[in-house]
Amino acid sequence: MVSGTLYTPEGYHRSWRAQIAAQFSGATLNIVNFVPGVTDSDKSFLDKFPPATVPVFEANDGTCLFDVNAIAYFLGTDQLRGWKNTHLVTQWVNYADNSILPSVATWVYPCLGITQFNKQNTEKAKTCIASVLKFLNEQLSKITFLVGDRLSQADITVFTALHLLFTHVYEEKDRKPYPHVVRWYTTIANQPEVLKVVGPSSFCIKAAQFDAKKYAELHKKVTETKQPKETKKEKPKPEVPSKKEKPKDDDDEDDERPKPSKNPLANLPAGKFDMDAFKRVYSNMDIEKEAIPYFWSNFDPEAYSIWFCEYLYPEELSLVFMTCNLINGFFQRAEK
């Protein structure tokens, strides 16, 4: 029986396809939590696997695999591999990786605070997902499983690719046009081997939304965690001037140093308003429905002020770039 160690972040949906395959075959897996920048910085690890690649697997016989589909194939059974229909299983696995998962990640990852939100890319992803589900629904209207009469790795892989979508953002009204996909998804989710890895799967009730504040806080914590701790450096001992050399007078050194000008804004409070986060919301989301409410809910009147200006020569504001140039000039003159 196959046994070995799977290196993966905890709860990583792409690793589920290998873990579920192991449940079907009875393979023994030792799960090791993969920490990016830590696990793959060890030389013994890099001798076996490429950096920044998850999941990876090392069998007890020394076999090392760094592609999740290869790992699932290695751990699975002939039934999961499709028997004589291996080519059809491979087709669905590649379809999940190339046509389903990228669009799901584009939509869902920002809602979980993993990546930055981009409105244009998200709308494109939604269109692609609708096309994928329409195709899947037509296929599953005639069959129970994607390949043959029994569950295969094709079902496992497509299920895990859709899991984030159905769990976090696809509401009941979105799922309604695809009853055959929902029926098939529920069947796979309730398999005992799937439940042992994924746990009970629940459908999304209200779609998650991108939260710029949550994203900023999460990535601030990640950055702080990755920063190496500063090591205390010993202060160099002052050089003792020789008897022949006359030490410089402190007053002479003070005269040579340029005196820094005092910043007139130095004593003002730093403020709590995250300007970068507001810029991202303003650039990527609906201005009236999202950006303006975000501004008023996060504006810090203790550190910022709002000014309304009227220009004396409105005929010079006929084009947007002309207005922008004048505003930039005003800002430059208003700075310290």
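A salt bridge here means a side-chain nitrogen of Lys or Arg within 4 Å of a carboxyl oxygen of Asp or Glu. Glu 171 and Lys 173 make one, with their closest N and O atoms 3.8 Å apart.

Before going on, a word on the model. This is a predicted model, where local features need pLDDT of at least 70, side-chain atom pairs count only at pLDDT 80 or more, and totals for chains, interfaces and linings use all residues. Residues are numbered from 1 along each chain as its sequence is written, and side-chain values use heavy atoms, with hydrogens and water left out.

**The chain overall**

The chain holds 15 helices and 4 strands; these are DSSP runs (H or I of at least four residues for helices, E of at least two for strands), numbered from the N terminus. Of its 336 residues, 33% count as buried, meaning under 20% relative accessible area, with exposed being over 50% and partly exposed in between (1.4 Å probe, protein chains only). Take the contacts (heavy atoms within 4.5 Å) with a separation of 6 or more: residues 24 or more positions apart account for 71% of them.

**Salt bridges**

Side chains of opposite charge can pair when their charged atoms come close. The whole structure has 7 salt bridges, including these:

| Pair | Closest N to O distance |
|---|---|
| Lys 48 and Glu 58 | 3.1 Å |
| Glu 171 and Lys 173 | 3.8 Å |

In the Lys 48 and Glu 58 salt bridge, Lys 48 sits in the loop between helix H2 (43–46) and strand S3 (56–59) while Glu 58 is in strand S3, so the pair ties together parts 10 residues apart in sequence. Lys 48 is partly exposed, at 38% relative accessible area.

Glu 123 and Lys 126 are 3 residues apart in helix H6 (residues 119–140), which puts about one helical turn between them. Glu 123 is partly exposed at 42%, and Lys 126 is partly exposed at 31%.

Back to the opening pair: Glu 171 is buried, with a relative accessible area of 17%, whereas Lys 173 is exposed at 59%. Asp 174 joins Glu 171 and Lys 173 in a network of salt bridges.

**Helices packing on H7**

Helix H7 (residues 153–169) packs with helix H1 (residues 16–25) at about 140 degrees, their axes 9 Å apart. Axes are lines fitted to C-alpha atoms, for helices over the stretch in contact, and angles run from 0 to 180 degrees between N-to-C directions. That makes H1 oblique to H7; angles under 35 degrees count as roughly parallel, over 145 as roughly antiparallel, 65 to 115 as roughly perpendicular and the rest as oblique. By class, the H1 and H7 contact has 5 nonpolar, 4 polar and 1 charged residues, where Ala, Val, Leu, Ile, Met, Phe, Trp, Tyr, Cys and Pro count as nonpolar, Asp, Glu, Lys and Arg as charged, and the others, Gly among them, as polar.

Helix H5 (residues 86–111) also meets H7: their axes come within 9 Å and cross at roughly 15 degrees. H5 is therefore roughly parallel to H7, and passes H7 in a left-handed crossing. Its contact residues include Trp 92, Ile 100 and Trp 107 of H5, with Val 158, Leu 162 and Leu 165 among those of H7. The contact of H5 with H7 divides into 18 nonpolar, 3 polar and no charged residues.

Conventions: Left-handed = near helix turned anticlockwise from the far one by under 90°.
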